[in-house]
Amino acid sequence: MVKLRVIPQRSQVGHTAQRRATVALACLRMQDLAAGDWIKLSATTTAGTLSSIAQVWPSLALSDDEIVISRTHSLILGEPEQLQLEKLDMKNVKWMTAKSISIKVETTEAKDGSRSDKGSSDKGKEREAIWDLALLKEVLQDLKYISTGYKLTLPSSTSSTRDEGSTIYTIYSVLPSKQVGFTSPATAQKFVKADKATQEEIEEWMSRLSVAGAEQAEEVYAMHVKTEVIFAEEKLDRNDQNGTTVNGQSTMKSARTDQNGNTNRVLPSYINIYPPGPLQSTSDSFSAYATLGGLSKQIAQVRSLLDLPLSQPELYHKFGLKPPRGILLYGPPGTGKTHLARAISSATEGCSCIVVNGPELSSAYHGETEERIRAVFDEAKRREPCIIVLDEVDAICPKREGGEGGEVERRVVATLLTLMDGMSEGVAAADESTAAAGLARVVVIAATNRPNAIDPALRRPGRFDREIEIGIPDAHARREILSILISKMPNAIASSDLNAVADKTHGYVGADLSSLVREAGSIAIHRWLQTRSADPSSSPVMTIKDLHLALPSIRPSAMREVFIETPTVRWSDIGGQTEVKQKLKECVEWPLTNPETFTRLGVAPPRGVLLYGPPGCSKTLTAKALATESGINFMAVKGPELLNKFVGESERAVREVFRKARAASPSIIFFDEIDALATSRGSDHDGPNQGVLTSLLNEMDGVEELSGVIVVAATNRPDVLDSALLRPGRLDRILYVGPPDFDARKDIFRIRFSKMAVEPDTGIEDLAFLTAGCSGAEIASICQDAALMSMNEDLSAPYVRKQHLLDAAKSVRRRITPTMISQFEAWRDQSGARSV
């Protein structure tokens with residue numbers, strides 16, 4: 001031991017230099033020390049003897065009786081003028097790894113008499129407190145080895161002494177780690193794993209390192225990258241039986257206690273605790289679900305499963321039954337699964353909730369993911385009654401056989417299976433009340449949008465007892481969701497207008513409707529800002545017009561990757577084809593506008609429509625008009641784009657199209673050029689697409705019912721289609737879209753001329769007579785060619801001349817021949833297809 005005079009540090013140093021104590025090279029030799037050895041620094045003050053651990057470092061610029069220490073060490077030792085240096089005796093030190101460190105904030109007075117108090121619970125300082133904790137952890141990492149009673153300050157000041165008015169932080173208590181390896185200088189920085197050891201075993205092992213008869217070993221804690229740093233609460237319960245003794249005072253290991261008397265220890269970051277508290281509204285028991293719309297059926301199922309198991313589990317034990325232990329919520333993204341799961345915990349009176357996101361449990365270290373899952377269930381049992389919410393459960397529990405997971409995921413699934421089975425095992429007892437008390441009142445609620453990706457072993461009774469689908473809301477549910485959303489903002493929207501918006505938003509989930517209202521609110525705000533100068537006393541109010549303006553920019557989530565922006569085509573844009581239009585309205589619009597009639601008569605609406613006919617007769621244009629006029633979701637699929645060279649990919653593409661159409665129902669699937677997919681089996685046209693045809697037949701009328709989806713197909717080669725596709729129940733209505741007749745040709749010319757500048761005395765009847773046998777596309781081509789002739793003659797021509805139209809009509813090539821028409825008629829007679 002040697003006494004040295006302290007020289008203040010005059011400049012800022014790096015992170016690793018914060019732990020160093022610099023002495024003369026001769027002093028190192030005298031004490032038999034080497035650079036980098038750990039030493040003990042002691043200083044005698046009025047409060048007693050203070051000590052700290054530092055790393056010795058040599059210097060040629062110091063005298064033999066001088067030592068330079070960092071500002072942090074100077075604060076720990078009470079800013080001494082002299083201190084004692086001695087070699088660290090490893091046998092009298094108890095080395096442990098710190099799991100969590102509790103920091104107490106000291107309040108000091110500034111020069112102007114004001115008080116500095118960063119430990120205030122003011123919400124406005126929450127961000128500052130988080131930043132301070134990050135800086136304090138950095139300071140502790142720089143020191144590497146710490147002990148209780150250490151005093152710290154934030155590294156924001158450049159002074160080497162304690163400033164008046166600065167905030168001092170004291171290490172109040174340290175919770176040692178049970179499962180993180182501990183490191184000491186004696187082990188040459190090697191980790192000794194203690195995954196399965198208890199704290200008592202660690203202490204027993206450590207006691208063997210001390211010399212018999214020696215004084216109690218000093219506790220020194222090594223910092224770890226996972227060590228958590230928290231602020232200690234100002235008010236501590238001194239009478240807690242689970243407390244520890246730190247600096248001669250009885251304290252708690254945790255600063256918070258819930259209403260059931262359970263102590264909230266320092267918890268990992270992946271465990272988000274929501275302690276039991278008052279309901280959001282005391283009006284009725286459903287007040288916690290006030291922010292959920294359109295889920296009344298699902299809420300009733302959840303309440304029937306959870307109320308009694310959490311409040312009175314002894315009733316189940318009296319009947320010899322095991323209470324439900326798990327609920328799986330599944331459905332498309334954005335339907336409110338996570339929102340419902342969290343509302344369940346809030347609605348259950350006196351029940352805690354632990355919310356865990358699946359990816360947060362994953363770790364790169366062997367065995368740590370399973371450890372985290374066990375920690376979640378242990379914490380839930382301590383806080384019973386408790387609900388565990390596992391969001392995105394498919395991320396941690398994929399299928400073990402043939403799934404995407406590896407060996408780690410298999411162990412995680414096995415761990416979760418064991419833990420969920422263990423919740424249903426009570427403690428054997430002579431009487432029923434004692435046995436019922438042994439049942440853990442813990443329920444697991446999992447949410448996922450990929451239920452088929454979860455391991456099947458989880459989806460059996462005893463684990464996830466009930467699977468509740470949170471599907472895409474219907475019109476009534478969308479009305480409830482919109483009412484809840486607009487109730488939070490000033491609006492002037494009538495109930496009838498809101499019903500109309502709910503009827504238009506087919507396939508929209510709750511997240512889509514929330515985005516719609518948010519976009520409409522932004523439009524209302526911008527509109528008010530533009531008109532505020534004219535009426536300063538007005539206030540922004542959302543109107544139905546704002547919702548209509550926002551509707552085109554928000555598309556259903558299920559349709560975004562397959563949505564086709566079709567042109568706005570009306571029935572009035574198609575000349576002729578009156579019978580085809582009427583039949584399509586009967587197939588598509590009647591089931592939506594008059595569903596009670598179909599129910600009363602006991603008939604099902606048509607499943608599909610086939611449009612066949614010569615090329616250019618507006619089959620595709622009719623499908624576009626159907627999509628615009630019906631107002632329901634429209635998916636356009638070109639036949640060849642589903643084909644893939646890899647085996648099974650084409651069939652998977654067909655299944656995916658129908659899956660998305662069901663999710664966004666009511667919807668229309670339009671197959672253009674369906675003859676590329678559904679060629680007849682066993683014919684000369686048979687190719688490698690038999691699997692695609694089989695998938696198409698099964699999806700249209702297989703074991704799984706095609707509900708709310710209408711298939712519209714178009715082809716100009718109906719003779720190559722498979723007969724199984726044309727039977728009732730699949731393509732119920734087969735409509736022939738032939739060349740336009742005289743009246744239809746006049747309608748087409750009239751529609752085209754309404755968008756053109758033509759000579760006033762142009763006779764539409766003459767043009768319709770000259771174009772006998774032409775298709776609609778060829779008539780549109782005549783108008784186009786006549787316009788180009790006028791431009792060639794005079795670029796400044798005011799209109800298209802009548803003579804140019806007549807010349808173009810006489811020179812047009814007719815691609816629809818009588819032979820082609822007779823072939824379509826022969827196929828209709830041979831196949832027995834009804835053109836109705």
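In this predicted model, helix α16 (residues 578-593) packs with helix α18 (residues 619-630) at an angle of about 45 degrees. The axes of α16 and α18 are 11 Å apart.

**Helix packing**

- Two packed helices are described by the angle between their axes together with the distance between the axes.
- An angle from 65 to 115 degrees would count as roughly perpendicular and one under 35 degrees as roughly parallel; α16 and α18 are therefore oblique to each other.
- The crossing that α16 and α18 make is right-handed.
- On the α16 side, the contact involves Val-580, Leu-584, Val-588 and Glu-589; on the α18 side, these residues meet Thr-622, Leu-626, Glu-629 and Ser-630.

**Aromatic pairs**

- The structure holds 9 aromatic pairs.
- One of them joins Tyr-169 and Phe-231, which are stacked, at 6.1 Å centre to centre and with 25 degrees between the planes.
- Tyr-169 belongs to strand β12 (residues 168-176) and Phe-231 to strand β14 (residues 228-231), so this pair ties together parts that are 62 residues apart in sequence.
- Tyr-169 counts as buried because its relative accessibility is 0%, whereas Phe-231, at 21%, counts as partly exposed.

**Aromatic cluster**

- One aromatic cluster is formed by Tyr-612, Tyr-736, Phe-824 and Trp-827.

**Charge over a ring**

- Arg-20 lies over the face of Trp-57, at 3.9 Å from the ring centre.

Note on methods. Residues are numbered from 1 along each chain as its sequence is written. This is a predicted model: local features need pLDDT of at least 70, side-chain atom pairs count only at pLDDT 80 or more; totals for chains, interfaces and linings use all residues. Side-chain values use heavy atoms; hydrogens and water are left out. Rings of Phe, Tyr and Trp (its six-membered ring) pair if their centres lie within 6.5 Å; planes under 30 degrees apart count as stacked, over 60 as edge-to-face and the rest as tilted. Helices (H or I, at least four residues) and strands (E, at least two) are DSSP runs, numbered from the N terminus. Buried means under 20% relative accessible area, exposed over 50%, partly exposed in between (1.4 Å probe, protein chains only). A charge sits over a ring if NZ of Lys or CZ of Arg is within 6 Å of the ring centre and within 35 degrees of the ring normal. Axes are lines fitted to C-alpha atoms, for helices over the stretch in contact, and angles run from 0 to 180 degrees between N-to-C directions. Angles under 35 degrees count as roughly parallel, over 145 as roughly antiparallel, 65 to 115 as roughly perpendicular and the rest as oblique. A crossing is left-handed if the near helix is turned anticlockwise from the far one by less than a right angle, and right-handed if clockwise. Contact means heavy atoms within 4.5 Å.
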